[in-house]
Amino acid sequence: MKQYRMLFAFVALMAVVSLACFGGSTPTPTLVPTIAPTIAAAPTRTQVNPPSNPPSNNPPPSNGNSSAVITVEDQNKLFTFDIPGNWVYEGNDLGNAVYTDVYMYADTWKSPDGNALIEGIAGTSQGFDFDGTTSTTVALDMLNYYYSFTGKEGDIRISKTATAQDGSTQFDWTSKGGDYSGTSWFEVRGARTFLMWTVNWANTADDATLDALNNAVNTYQAQ
């Protein structure tokens, strides 16, 4: 059965609130993944462009320079969506750089002009089951340390949180220090796989780029 993401809005954002507003009860040490001791070792987003990653050995299909729409799939076959064939794909093995007990990898598709990206980050726990509290903690950590302009808390501001039609949790957010915004959805597959799917765009992105992001959101399908 196809499961579609809710169409996100690019205008009329609600009043910006701090990530701290979404803090829940502190999970027990046995359930919460341990953040790597040196946070500088974790990947950080310093601009809207994705990290400089080596291409995957098995990249999804591409139409090269053609803007014709194609269907792409992540490395572990967790999801598919439609995107212009000239968007550039990169696969990045994050390993245990973000958490000591969660193995992560990222699939990234970047627009030709570098003003937008679509990214799926999946993490497999090593020795514990994800629950609602743990997955929310991980999602906030990823926003704070991976997508923030500064690589730390305080830059990413969540304007909206909601439950999507497929049951995933949606965060609409913007960077205080960077000129970009995004929407992320996160969920748990099974008990030990965390998945966060994000569309991220420069605030100066043109209509064609925003249309491509909207189409990707509307055609997203969980596998």
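## The start of helix 1

Let's begin where helix 1 begins: a side-chain oxygen of D131 comes to within 3.2 Å of the backbone nitrogen of T133. Helices here are DSSP runs of H or I with at least four residues, strands are runs of E with at least two, and both are numbered from the N terminus.

Helix 1 covers residues 132-147, and its 16 residues should span 22 Å at 1.5 Å a residue; the end C-alpha atoms are 21 Å apart, which agrees. The expected span is 1.5 Å times one less than the number of residues. Twelve of the 16 residues of helix 1 are buried, so this helix is mostly covered. Buried means under 20% relative accessible area, exposed means over 50%, and partly exposed lies in between (1.4 Å probe, protein chains only). Among the buried residues of helix 1 are V138, L140, M142 and L143, along with D141, N144 and Y147.

## What kind of model this is

This is a predicted model: local features need pLDDT of at least 70, side-chain atom pairs count only at pLDDT 80 or more, and totals for chains, interfaces and linings use all residues. Residues are numbered from 1 along each chain as its sequence is written, and side-chain values use heavy atoms, with hydrogens and water left out.

The pLDDT is the predictor's confidence in each residue, from 0 to 100. Its mean over the protein chain is 77, and 71% of the residues reach 70 or more. Over residues 1-59 the pLDDT is below 50, and beyond near neighbours in sequence this stretch has 139 contacts in the model. Contact means heavy atoms within 4.5 Å.

## The chain as a whole

The protein chain has two helices and eleven strands. Reading from the N terminus, the elements run β-β-β-β-β-β-α-β-β-β-β-α-β. Of the 223 residues, 50% count as buried. Among contacts between residues at least 6 apart in sequence, 59% join residues at least 24 apart.

In soluble globular proteins, nonpolar side chains tend to be buried together. A nonpolar core here is a set of buried Ala, Val, Leu, Ile, Met, Phe, Trp, Tyr and Cys residues joined through side-chain atoms within 4.5 Å. The largest has 27 residues, and F81, I118 and W197 have the most contacts inside it. Two or more residues each come from strand 2 (69-73), strand 3 (79-84), strand 5 (102-110), strand 6 (116-125), strand 10 (193-202) and helix 2 (207-219). Helix 2 gives the largest share, five residues.

Leaving aside neighbours within four places in sequence, the contacts of I118 include F81, I83, W109, W197, L213 and A216. A second, separate core of 24 residues includes V98, M142, I156 and W173.

## Strand 10 and its partners

Strand 10 is largely enclosed by the rest of the structure, because nine of its ten residues are buried. Two strands pair if DSSP finds at least two bridges between them. Strand 6 and strand 10 run antiparallel and are joined by nine bridges, with G123 opposite F194 in strand 10.

Strand 9 (residues 180-189) is also antiparallel to strand 10, with ten bridges joining them; here R189 stands opposite T193 in strand 10. Three residues lie between the strands of this hairpin, in which G190 takes a positive phi near 70 degrees.

V72 sits in strand 2 and is buried, with a relative accessible area of 2%. The C-alpha atoms of V72 and D82 are 6.2 Å apart, although ten residues separate them along the chain.

S181, in strand 9, also counts as buried, at 6% relative accessibility. Its side chain makes a polar contact of 3.1 Å with that of T174. Residues touched by S181 include W173, V199 and W201, not counting those up to four places away in sequence.

D206 belongs to the loop between strand 10 and helix 2, and is partly exposed at 39% relative accessible area.

Note on methods: A polar contact is a pair of N or O atoms within 3.5 Å; within protein, one must be able to donate a hydrogen and the other to accept it, and residues adjacent in sequence count only if both atoms are side-chain atoms.
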